[in-house]
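Please look over the sequence and the structure shown below before reading on.

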Amino acid sequence: MNSGIYSVKFATPLGYGVGLAVFKDGSINGGDNGFLYLGKYTTDGAHVTAQLNVKQWQPGVGSVFGPYTNFDLNLRGTLQADGSSFCVSGAAVKAPNIKISIEGRRISDAA
């Protein structure tokens with residue numbers, strides 16, 4: 001995966017959203033209009049795994065995981081060969097029955 005800033009789109013059966021995430025040296029930092037994403041990722045060829053903590057920073061903004069406002073995600077998926085995009089899926093540890101899918105597209109270098 002190429003380090004950089006990625007536009008991310010995500011969806012669960014309960015909703016969808018968009019945000020930005022910075023991938024650099026195995027770390028992920030990002031957010032959207034109500035939540036922060038902090039975590040780590042690893043790659044193995046065309047495969048990527050990630051563990052994220054997602055927590056609400058803006059009260060009143062709804063979560064794609066319903067009532068959960070602070071949760072951990074375990075994600076697995078694939079990378080494009082050129083490192084410009086990825087697709088992952090997984091679930092929240094607190095709500096393993098609610099599946100999430102996330103698509104990311106690299107939009108810029110990271111500082």
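What follows describes the strands, then the aromatic rings, and then a charged contact.

The model is a predicted one, and its strands form a closed barrel of eight, running in the order β1-β2-β3-β4-β5-β6-β7-β8 with antiparallel pairing. From one strand to the next, the twist averages 30 degrees. In general, the strands of a sheet pair through backbone hydrogen bonds, and this pairing may be parallel or antiparallel.

Several of these pairings can be followed residue by residue. Strand β2, which covers residues 15-24, is joined by five bridges to strand β3, which covers residues 27-31, and the two run antiparallel; here V22 stands opposite N29 in β3. Strand β8, made of residues 95-108, is joined to β1 by seven antiparallel bridges, and in this pairing V8 has G104 in β8 as its bridge partner. Strand β8 also pairs in the antiparallel sense with strand β7, residues 85-92, over eight bridges, where the bridge partner of C87 is E103 in β8. A hairpin of two residues leads from β7 to β8.

The structure also holds six aromatic pairs. One of them is formed by F10 and Y37, whose rings lie edge-to-face at 6.3 Å centre to centre, with 85 degrees between their planes. This pair links distant parts of the chain, since F10 lies in strand β1 (residues 4-12) and Y37 in strand β4 (residues 35-44), 27 residues apart. Elsewhere in the description of the rings, Y6, F23, Y41 and F86 are linked by ring pairs into a cluster.

One salt bridge is found in the structure, and it brings together the side chains of R106 and D109, at 2.5 Å from N to O.

The table sets out the accessibility of the residues in these two side-chain contacts.

| Residue | Relative accessibility | Class |
|---|---|---|
| F10 | 11% | buried |
| Y37 | 8% | buried |
| R106 | 26% | partly exposed |
| D109 | 55% | exposed |

The classes follow from simple cut-offs. F10 counts as buried because its relative accessibility of 11% is under the limit of 20%, and Y37 counts as buried because its value is 8%.

Conventions:
Residues numbered from 1 in each chain as written. Predicted model: local features only at pLDDT ≥ 70, side-chain atom pairs only at ≥ 80, totals over all residues. Heavy atoms only, no water. Phe/Tyr/Trp six-rings, centres within 6.5 Å; stacked < 30°, edge-to-face > 60°. Helix = DSSP H or I, 4+ residues; strand = E, 2+ residues; numbered from the N terminus. Buried < 20%, exposed > 50% of the residue type's maximum accessible area, 1.4 Å probe, protein only. Pairing = 2+ DSSP bridges. Axes fitted to C-alpha atoms, helices over the stretch in contact; angles between N-to-C directions. Salt bridge = Lys/Arg side-chain N within 4 Å of Asp/Glu carboxyl O.
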